[in-house]
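Student: I've got a model open on my screen and I'd like to learn how to read it. Can you walk me through it?

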Amino acid sequence: MLTITGEILKEGAYYSAMLEQLGAYAQGKTRAAARQALASTILAHASDVGLADGFSVEVTDDGEATLYVTSPDTPRLIALLLRR
C-alpha cells in the first residue's frame with residue numbers, strides 16, 4: 001500500500017494539513033478536523049480528474065508534525081499523483 005507523507009501544524013487556533021505532492025491544503029480547529037478536511041480536498045481533486053467514483057483515502061498522523069495519506073486503491077492514488 002502506498003503511503004504519502006505530509007505535514008500537520010498548529011497555527012494559532014487552527015491546524016493546517018498540507019500534502020504538497022497533490023497540492024492539497026486544508027485547515028480545521030482540531031487535528032481530526034484538519035485531517036478530514038484534507039481527505040475531502042484530495043477527493044475533490046480526484047473528482048476533478050475523473051477518479052472519484054468509489055475512490056477513498058485515509059489521512060492519519062503521528063501526533064507530531066507528520067501526516068500519512070493512504071488508499072486501498074493504490075493505482076488510483078498513483079494516477080492522481082501523476083495527474084496533479
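Tutor: Let's begin with contacts: two residues are in contact when they have heavy atoms within 4.5 Å. Keep in mind that this is a predicted model. Here, take the contacts with a separation of 6 or more in the protein chain: 42% of them come from residues 24 or more positions apart.

Student: Which elements does the protein chain have, and in what order do they run from the N terminus?

Tutor: You'll find 2 helices and 5 strands. Starting at the N terminus, the order is β-β-β-α-β-β-α.

Student: Now a single residue. Is Gly 6 buried or exposed?

Tutor: The cut-off for buried is under 20% relative accessible area. Gly 6 has 12% relative accessibility, so it counts as buried. Across the protein chain, buried residues make up 35% of the 84 residues.

Student: Where is Gly 6 placed, and which residues is Gly 6 in contact with, leaving aside its neighbours within four places in sequence?

Tutor: Gly 6 belongs to strand E1, residues 3-11. Beyond those sequence neighbours, Gly 6 contacts Met 18, Leu 19, Ala 65, Thr 66 and Leu 67.

Student: And what about charges?

Tutor: There are 7 positive and 10 negative charges in the protein chain, and their mean positions lie 5 Å apart.

Key. Residues are numbered from 1 along each chain as its sequence is written. This is a predicted model: local features need pLDDT of at least 70, side-chain atom pairs count only at pLDDT 80 or more; totals for chains, interfaces and linings use all residues. Side-chain values use heavy atoms; hydrogens and water are left out. Buried means under 20% relative accessible area, exposed over 50%, partly exposed in between (1.4 Å probe, protein chains only). Lys and Arg count as positive and Asp and Glu as negative; His and the chain ends are not counted. The place of a charge is taken as NZ of Lys, CZ of Arg, CG of Asp or CD of Glu.
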